[in-house]
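Me: I'm new to this one, and I'd like to learn how to read it. Could you walk me through it feature by feature?

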Amino acid sequence: MRRSWVILGGMMTVLIGCSASPNAPYPDRWWTPVPAAGAPAWEILPQEARSGEVILSKRNDLGILSNFAPTPFVYHGVRYASVEGFWQMMKYPEGPADPRWAPSLVHWEYTRQQVAQLTAFQAKHAGDLGEENMALLGIDYVTFEGMRMTYRSAARGEHYRLIVAAMREKLRQNPQVRQTLLATGSLILKPDHHQSPGEPDEWRYFDIWMQFRSDLQAGSFQ
């Protein structure tokens, strides 16, 4: 009889342990609550994920999937410190022949090459400055290797293709990115910041990651 109670007690312990980890087989830290007080207005906190979802929060290791993350990669022979640096440098003039150069009209605080080596909020800040200059100049395009493309296009265009290509290289050239992405299994990936309705598809980096993850799981990632 005593042995039966021991066995039953052990089973109950296992069951209690399982119920205490509703996110298994994923690490609980991905959903660790963060105090809302003091959090920036742009942020979606980890605990705001619904069942089957996870926020790609910069507060934990999932932040490596953010464009802000310092995950260097080489694309077309040029090294970029982050996808954000790649994204924002396209707002900057490629040289004196570029119509955006206009030194008598605007001041460029960074060079294009400098922005390419930035990460996180520093890269975003540089991009905001670049966009302010674009507005002053009446320019709605960005460039890559001399090619102009609409910055905010409702349809998937060349800008979308370039951002996807940069993210693909980030995945290829950073093993930890691949490991973290695969670790998310079948979870629905959600952004850690609020987005305006109707943003172009390249802003939906979480959807791009889920497509890459499906390709990796199917062995068809290229």
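Me: What do the buried residues of helix 5 pack against?

Reply: They pack against strand 2 (73-75), helix 2, strand 4 (141-144), strand 5 (147-150), helix 6 (175-183) and helix 7 (205-218). Helices (H or I, at least four residues) and strands (E, at least two) are DSSP runs, numbered from the N terminus. Buried means under 20% relative accessible area, exposed over 50% and partly exposed in between, with a 1.4 Å probe and protein chains only. This is a predicted model: local features need pLDDT of at least 70, side-chain atom pairs count only at pLDDT 80 or more, and totals for chains, interfaces and linings use all residues. Residues are numbered from 1 along each chain as its sequence is written, and side-chain values use heavy atoms, with hydrogens and water left out.

Me: Which residues of helix 5 are buried?

Reply: Among them are His 159, Tyr 160, Leu 162, Glu 169 and Lys 170.

Me: How should I read a nonpolar core?

Reply: In soluble globular proteins, nonpolar side chains tend to be buried together. The term here is a set of buried Ala, Val, Leu, Ile, Met, Phe, Trp, Tyr and Cys residues joined through side-chain atoms within 4.5 Å. In this model the largest such core has 55 residues, and Phe 86, Phe 144, Trp 209 and Phe 212 have the most contacts inside it. Helix 5 (residues 158-173) brings the largest share of this core, 8 residues.

Me: What does Phe 212 touch, not counting residues up to four places away in sequence?

Reply: Val 164, Met 167, Arg 168, Leu 171, Leu 181 and Phe 221. Contact means heavy atoms within 4.5 Å.

Me: Is Ala 120 buried or partly exposed?

Reply: Ala 120, found in helix 4, is partly exposed, with a relative accessible area of 25%. Leaving aside neighbours within four places in sequence, Ala 120 is in contact with Phe 68 and Glu 84.
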